[in-house]
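Please walk me through this model in the viewer, one selection at a time. Start with the whole chain and then go to the charged pairs.

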Amino acid sequence: MRAITIEQPGGPEVLRWTEVPDPVPGHDEVLIEVHAAGVNRADLLQRQGLYPPPEGAPPYPGMEVSGRIVESRTHHWQVGQEVCALISGGGYAELAVAPVGQLLAVPKNVSLEDAAALPEVAATVFSNVVEVAGIKPGETLLVHGGGSGIGTFAVQLGKALGAHVVTTARAAKHEALTRLGADRVIDYTAEDFSETVKADVILDIIGGAYLKGNVKALNEGGRLVVIGMQGGRKAELDLGALLAKRGSVFATALRSRTAAQKAAIVRGVREEVWPLIDEGLIGPVVHSRVPLPDAADAHRLMESSEHLGKIILTKP
């Protein structure tokens with residue numbers, strides 16, 4: 001089969017569409033003929049040599065795919081079924097292996113291609129906003145990076161769960177985020193969110209640069225969940241400010257979790273998020289569809305941060 005490999009750590013130009021050995025599914029795994037693959041920030045970090053795949057995962061990038069099962073080593077799923085899946089790596093390819101616990105049926109009214117935009121964001125947002133932070137109806141959810149794949153999904157899910165949703169994004173993305181359900185959108189280039197927002201739950205992809213402001217913006221009993229480090233990995237934490245609010249700070253990652261932990265998250269997504277997608281309350285937001293051999297172009301687009309929602313790679 002062919003896949004996108006990383007010639008050496010570097011820029012998008014190091015990505016190569018080349019022949020690689022076919023993956024072989026093991027017990028309770030399926031082999032998927034990939035129709036589309038989602039692009040994530042972690043793929044860019046892996047390409048740069050900063051985020052190696054977990055032990056046993058394929059060396060080429062891609063953490064979510066959609067397609068048809070062509071070989072099944074489990075009685076739960078059959079050859080020919082259309083699925084999307086959360087995987088540990090190897091999604092930028094013609095074939096990919098997925099554990100049975102990380103498979104999802106393609107939701108109603110979502111195309112097989114667009115389904116590739118769902119597994120990673122759904123698992124990330126659900127596990128952090130619902131399972132870790134325990135968002136409740138009527139609470140305020142602050143989502144940083146609202147224009148990202150995670151951001152656009154978090155805005156929709158927060159609204160569907162009855163939260164008051166505030167998000168930060170460039171001005172050009174405000175109208176679209178309002179249509180997705182955001183009650184307020186803040187231009188982070190012109191306004192300090194910590195001066196005007198009080199939130200019960202904050203979902204943060206920025207990290208170090210926003211830590212002080214995030215703690216300031218928390219309500220009493222507020223929960224800050226850090227899932228990214230685009231603004232740096234280090235910052236000073238004012239424990240006095242956090243103690244005064246009885247606040248909590250969580251830091252989580254999805255890719256490094258065990259298969260059992262991922263399966264539990266996917267089960268929650270299947271039970272609690274997929275019905276909302278089937279009802280049309282939330283859905284994938286796809287900015288661009290790029291042919292898989294042109295993955296370098298998709299990485300350049302993501303690095304520009306000009307996109308709104310997900311970028312997916314499609315079957316050539």
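Helices are DSSP runs of H or I with at least four residues, strands are runs of E with at least two, and both are numbered from the N terminus. This is a predicted model, in which local features need pLDDT of at least 70 and side-chain atom pairs count only at pLDDT 80 or more, while totals for chains, interfaces and linings use all residues. Residues are numbered from 1 along each chain as its sequence is written, and side-chain values use heavy atoms, with hydrogens and water left out.

**Whole chain.** Along the principal axes, the C-alpha atoms fill a box of roughly 55 × 40 × 35 Å.

Next, colour by accessibility. Buried residues make up 54% of the 316 (buried is under 20% relative accessible area, exposed over 50%, partly exposed in between, with a 1.4 Å probe and protein chains only).

**Charged pairs.** Show the side chains of Lys, Arg, Asp and Glu; Lys and Arg count as positive and Asp and Glu as negative, with His and the chain ends not counted. There are 30 positive and 37 negative side chains. A search of the whole structure finds 16 salt bridges, each being a side-chain nitrogen of Lys or Arg within 4 Å of a carboxyl oxygen of Asp or Glu.

Select Glu64 and Lys310, which form a salt bridge with an N to O distance of 2.5 Å. The pair links distant parts of the chain, with Glu64 in strand S4 (residues 64-72) and Lys310 in strand S15 (residues 310-314), 246 residues apart. Both Glu64 and Lys310 are buried.

Move to Glu113 and Arg289, whose side chains meet in a salt bridge at 3.1 Å, N to O. Glu113 lies in the loop between strand S7 (103-105) and helix H2 (119-132), and Arg289 is in strand S14 (residues 286-291), 176 residues away. Glu113 counts as partly exposed at 23% relative accessibility, and Arg289 counts as partly exposed at 42%.

Finish in helix H9 (residues 295-304), where Arg300 and Asp297 are 3 residues apart and so separated by about one helical turn. Their salt bridge brings the closest N and O atoms to 3.0 Å. Arg300 counts as partly exposed at 41% relative accessibility, and Asp297 counts as partly exposed at 42%.

Note on methods: The place of a charge is taken as NZ of Lys, CZ of Arg, CG of Asp or CD of Glu.
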